[in-house]
Amino acid sequence: MHTQLLQLDIDEEILFRVRKHWFIFGVEVFSIIVVAILPLFLYVLIGNILIEHNLTTIPYTGYFFALYSGWLIIVWMSLFSIWTNYYLDVWILTTKRFIARDQKGLFNRTTASFRLERLQDVIISINGIIPTFLNFGTLEIQTAGEESNFKAYGLPNLELLKSKILDAAGKLNTSI
Amino acid sequence: MDSIDIKEITQSVSEVIFYGLIVIFILHAIMLAYHWFAYGENKKISTLALGIYLIGGGILFLILGISISSI
């Protein structure tokens with residue numbers, strides 16, 4: 001690992017690491033693919049209509065492909081920005097803490113963590129047909145004190161994650 | 001005469017857009033690479049992603065260059 005922000009204590013170990021469910025990323029990729037193909041589809045469709053009505057013989061093919069190539073470059077950059085958000089969003093359970101690293105854009109990044117001894121309750125919720133079938137949903141963690149409660153959307157295997165968090169908190173509390 | 005002028009203007013504008021896109025792409029690549037290598041957890045994945053990004057981008061710029069030169 002070569003993370004900048006994740007600084008563990010000497011006796012602290014990473015137990016579990018989770019990213020958002022692949023479906024969340026898949027939907028965004030699908031949207032990008034639609035956006036990439038749409039101009040080509042419109043070009044063929046409109047071109048066919050114009051030819052049918054003898055309005056043109058599509059003389060602007062060179063211009064279209066130049067514009068379309070430029071469009072694809074922008075789409076390509078957007079795709080990797082989306083992947084970066086997905087790749088850098090990570091939730092980490094250690095023997096002492098739960099850490100959330102949230103990338104909200106290239107220049108907007110937050111890292112939140114709470115110590116497991118402050119854990120009060122873990123609530124998981126799965127709403128909808130697709131989340132039910134694919135097993136992903138929302139994880140909410142309530143902590144003691146004035147800290148705001150912790151909430152993460154689109155995480156997979158919530159039951160497993162919940163049991164691991166509770167196990168880790170239980171072990172920490174018995175060792176104190 | 002007018003058609004020649006329009007063609008020249010189109011070529012010039014296309015070249016400006018082409019070079020502008022290259023600059024934006026390089027800056028974007030630098031920003032992404034910084035994030036991947038600074039905050040990413042696996043250096044191999046970061047390197048692979050950067051390679052795919054640059055190769056894919058290079059191919060698209062090649063297509064764009066050929067398209068502009070064929071106008």
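Visitor: Is A:Asn157 buried, partly exposed or exposed, and what is its relative accessibility?

Guide: Buried means under 20% relative accessible area, exposed means over 50%, and partly exposed lies in between (1.4 Å probe, protein chains only). At 37% relative accessibility, A:Asn157 is therefore partly exposed. Please note that this is a predicted model, in which local features need pLDDT of at least 70 and side-chain atom pairs count only at pLDDT 80 or more, while totals for chains, interfaces and linings use all residues. Side-chain values use heavy atoms, with hydrogens and water left out; residues are numbered from 1 along each chain as its sequence is written, and chains are lettered from A and ligands numbered from 1 in the order in which they are written.

Visitor: What is the phi of A:Asn135, and where is its place?

Guide: A:Asn135 is not a glycine, yet its phi is positive, about 60 degrees. Its place is in the loop between helix H3 (129–134) and strand S6 (136–143) of chain A. With 31% relative accessibility, A:Asn135 is partly exposed.

Visitor: How many aromatic pairs does the structure hold?

Guide: A pair of aromatic rings is described by the distance of the centres and the angle of the planes. Rings of Phe, Tyr and Trp (its six-membered ring) pair if their centres lie within 6.5 Å; planes under 30 degrees apart count as stacked, over 60 as edge-to-face and the rest as tilted. The structure holds 20 aromatic pairs over all chains. One of them, B:Phe18 with B:Phe61, is edge-to-face, at 5.9 Å centre to centre and 80 degrees between the planes. This pair links distant parts of the chain, 43 residues apart: B:Phe18 is in helix H1 (residues 2–39) and B:Phe61 in helix H2 (residues 43–69) of chain B.

Visitor: Are B:Phe18 and B:Phe61 buried or exposed?

Guide: B:Phe18 is buried, with a relative accessible area of 17%, and B:Phe61 is buried, at 9%.

How values were computed:
Helices (H or I, at least four residues) and strands (E, at least two) are DSSP runs, numbered from the N terminus.
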